[in-house]
Amino acid sequence: MLFESNLKSLKKVYQGKVRDIYEVDEQHWLIVTSDRLSAFDVVLPDPIPKKGMVLTTVSNFWFDRFSSKVKNHLSDINLEDIIKDGQELEIIKDRSVIVRKLKALPFEAIVRGYVIGSGWKEYQNTGSICGVALPPNLKQAQQLESPIFTPSTKAAVGDHDENVNFDKIIDLVGKEIAESVRDLSIEIYKQAAEYALQCGIIIADTKFEFGLDENNEIVLIDEALTPDSSRFWPKDTYQAGTSPKSYDKQYVRDYLETLDWNKKAPGPNLPQDIIDNTSMKYLEACERLTGIKL
Ligand SMILES: Nc1ncnc2c1ncn2[C@@H]1O[C@H](COP(=O)(O)OP(=O)(O)O)[C@@H](O)[C@H]1O
Ligand SMILES: [Mg+2]
């Protein structure tokens with residue numbers, strides 16, 4: 001279990017909610033994915049065993065699967081060549097990647113195949129999500145006829161992200177990049193969702209992050225199609241009109257909703273059974289998708 005990495009051999013340059021980032025050289029970072037869980041944008045005090053390994057394994061699986069469709073941030077530098085300390089290597093080896101540092105595009109590329117969460121709320125209020133008009137009388141968790149692109153702008157630390165219209169994305173990065181990112185996101189989501197369904201998992205929605213490389217080419221960064229960046233539902237119990245069970249942190253969110261907590265830091269401790277069940281859900285999603293038993 002790893003709540004926070006503190007490598008001696010490299011300089012930590014950033015600590016996100018889940019990831020610790022170290023400088024490798026001018027062009028590269030080492031990203032260590034911890035077992036921290038953030039819910040409602042607050043990092044909870046209890047780590048979830050093996051969660052960081054799951055996120056790393058699942059992301060790497062998709063990066064590889066879609067490598068002919070989209071470039072990704074993984075570099076070919078070996079971890080062993082960077083981390084010489086055997087003990088440090090042992091702690092981080094199954095949860096680390098060495099990546100190209102890229103200029104992150106200033107929005108989250110969200111694709112929704114089902115109407116749920118903030119999208120469901122927005123639909124109930126306006127009949128649309130991020131300016132995309134939807135048919136009337138959709139039920140909660142209903143599948144959309146075709147997946148939609150519903151970007152959000154990344155908030156500063158401590159703030160919640162904000163759903164925006166596609167025009168806002170054009171303002172931010174120009175029409176050409178905006179359209180490429182949209183089309184690429186929808187295409188990858190569709191293919192991933194189709195594959196996942198065969199593994200018994202519905203990917204209801206997902207969030208991608210992209211960067212630009214030195215040739216202004218679009219590169220998939222951060223994590224991809226994980227239970228943290230997506231809603232994963234078990235196919236066999238799914239029913240439109242009801243709030244689905246899930247393989248992701250929705251399970252923890254549901255528990256947190258039963259507490260009298262104002263959703264501001266510090267977050268509450270989790271009971272042991274919630275920690276264990278959450279870990280099992282992450283591990284099961286990983287095994288179903290990648291075949292890897294961690
Ligand atoms: N290859 C990359 N180049 C630049 N930024 C990246 C890259 N991969 C990930 N990131 C950024 O690093 C951070 C990852 O840490 P994370 O814990 O997920 O942070 P956050 O709390 O912002 O979600 C994110 O801000 C993500 O946008
Ligand atoms: Mg993140």
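A pocket is an open set of grid points with protein on both sides within 12 Å along at least five of seven lines, and its lining residues have an atom within 4 Å of a point. The views below show a predicted model.

**View 1. Lining of the second largest pocket.** The second largest pocket is lined by 14 residues. Nearest its centre lie Tyr114, Gln143, Tyr189, Ala193 and Glu194. The volume of this pocket is about 190 Å³. At least two lining residues come from each of the strands β9 (107-114), β12 (143-149) and β15 (201-212), and likewise from helix α6 (175-198). Sorted by class, the lining of the second largest pocket holds eight nonpolar, three polar and three charged residues.

**View 2. The largest cavity and its lining.** The count of cavities of 30 Å³ or more comes to one. The largest cavity has a volume of about 100 Å³. Its lining comprises 13 residues, and those nearest the centre are Thr33, Thr56, Ser59, Val97 and Asp222. Strand β3 (28-33) and helix α1 are the elements that give two or more residues to this lining. Helix α1 provides the largest share, five residues. By class, the lining of the largest cavity divides into five nonpolar, five polar and three charged residues.

**View 3. Packing of helices α1 and α8.** Helix α1 (residues 51-65) packs with helix α8 (residues 272-290) at an angle of about 20°, and their axes are 9 Å apart. Angles under 35 degrees count as roughly parallel, so α1 is roughly parallel to α8. The crossing of α1 and α8 is left-handed. On the α1 side, the contact is made by Lys51, Val54, Leu55, Thr57, Val58, Phe61 and Trp62. Helix α8 contributes Tyr282, Leu283, Cys286, Leu289 and Thr290 to this contact. The residues of the contact of α1 with α8 comprise nine nonpolar, two polar and one charged.

**View 4. Packing of helices α7 and α8.** Helix α7 (residues 250-257) and α8 have axes that come within 9 Å and cross at roughly 160°. Angles over 145 degrees count as roughly antiparallel, and α7 is therefore roughly antiparallel to α8. The crossing of α7 and α8 is right-handed. Tyr251, Val252 and Tyr255 of α7 meet Asp273, Ile274, Asn277, Thr278 and Lys281 of α8 in this contact. Four nonpolar, two polar and two charged residues make up the contact of α7 with α8.

**View 5. Crossing of helices α5 and α6.** The axes of helix α5 (residues 166-173) and α6 come within 7 Å, with a crossing angle of roughly 130°. Helices α5 and α6 are therefore oblique to each other. Their crossing is right-handed. From α5, the residues in contact are Phe166, Ile169, Ile170 and Val173. Those from α6 are Lys175, Ile177, Ala178, Glu179 and Arg182. The contact of α5 with α6 has six nonpolar and three charged residues, and no polar residues.

Methods:
Residues are numbered from 1 along each chain as its sequence is written. Chains are lettered from A and ligands numbered from 1 in the order in which they are written. This is a predicted model: local features need pLDDT of at least 70, side-chain atom pairs count only at pLDDT 80 or more; totals for chains, interfaces and linings use all residues. Side-chain values use heavy atoms; hydrogens and water are left out. Axes are lines fitted to C-alpha atoms, for helices over the stretch in contact, and angles run from 0 to 180 degrees between N-to-C directions. Helices (H or I, at least four residues) and strands (E, at least two) are DSSP runs, numbered from the N terminus. Angles under 35 degrees count as roughly parallel, over 145 as roughly antiparallel, 65 to 115 as roughly perpendicular and the rest as oblique. A crossing is left-handed if the near helix is turned anticlockwise from the far one by less than a right angle, and right-handed if clockwise. Contact means heavy atoms within 4.5 Å. Ala, Val, Leu, Ile, Met, Phe, Trp, Tyr, Cys and Pro count as nonpolar, Asp, Glu, Lys and Arg as charged, and the others, Gly among them, as polar. On a 1 Å grid over the protein atoms alone, a cavity is a set of points where a 1.4 Å probe fits but cannot get out, and a pocket is an open set with protein on both sides within 12 Å along at least five of seven lines; lining residues have an atom within 4 Å of a point. Grid points are joined across faces, edges and corners, and a volume is the space filled by probe spheres set on the points.
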